[in-house]
Amino acid sequence: MLIVNLIGLLVIALIVWWFWLYKGETQAAAVDELVIQVANGSYQPSQIAVPAGQATTLRFFRSDESPCAAWLIFPDLDLSEELPIGESKSVLLPPLAAGNYPFTCQMQMYRGNLVVSES
Ligand SMILES: [Cu+2]
């Protein structure tokens, strides 16, 4: 009985970690060359650094067939884009002020963060 409870707790901890705590690696590479992979329940990389005050294009490549992955949402920018499966999709972002702009799938299971900073 105790073992079962422990396993249950472990599974919960793992889920919490995966969906809310795990950040992935920060990607500082030039955004022009970056393709963000949408696969296996995550955006890779999930942390994207872009300069403030200039329009940016992000490229997303969705290989995940889960219907939930179909929509990319930037709640703070009032922006949502449909991502086709197996194609690269460019998403245009307006010039932004410095700050963090999270992006998610429809149900907020996939999470990423756009880090905008003054260069
Ligand atoms: Cu989702």
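Which atoms coordinate the copper ion? They are C68 (SG) and C105 (SG), at 1.9 to 2.1 Å. Donors here are N, O and S atoms within 2.8 Å of the metal (3.2 Å for Na, K and Ca), and since water is not among the atoms, sites may look incomplete.

Before going on, a word on the model. This is a predicted model, in which local features need pLDDT of at least 70 and side-chain atom pairs count only at pLDDT 80 or more, while totals for chains, interfaces and linings use all residues. Residues are numbered from 1 along each chain as its sequence is written, and side-chain values use heavy atoms, with hydrogens and water left out.

C68 sits in the loop between strand 5 (56–62) and strand 6 (71–74), and C105 in the loop between strand 9 (99–104) and strand 10 (111–117), so the two cysteines tie together parts that are 37 residues apart in sequence. Both C68 and C105 are buried, where buried means under 20% relative accessible area, exposed over 50%, and partly exposed in between (1.4 Å probe, protein chains only).

Now the overall layout. The protein has 1 helix and 10 strands. Helices (H or I, at least four residues) and strands (E, at least two) are DSSP runs, numbered from the N terminus. Of the 119 residues, 32% count as buried. Among contacts with a separation of 6 or more, 56% are between residues 24 or more positions apart; a contact means heavy atoms within 4.5 Å.

Next, the aromatic rings. Rings of Phe, Tyr and Trp (its six-membered ring) pair if their centres lie within 6.5 Å; planes under 30 degrees apart count as stacked, over 60 as edge-to-face and the rest as tilted. By this rule there are 5 aromatic pairs. One of them, Y43 with F60, is edge-to-face, at 6.2 Å centre to centre and 80° between the planes. Y43 lies in strand 3 (residues 42–44) and F60 in strand 5, so this pair joins parts 17 residues apart in sequence. Y43 counts as buried at 1% relative accessibility, and F60 counts as buried at 1%.

Y43 also pairs with F103, and that pair is tilted: 5.1 Å centre to centre, 55° between the planes. Here strand 3 is linked to strand 9, with the two residues 60 apart. F103 is buried at 0% relative accessibility. Ring pairs link Y43, F60, F74, F103 and Y110 into a cluster.
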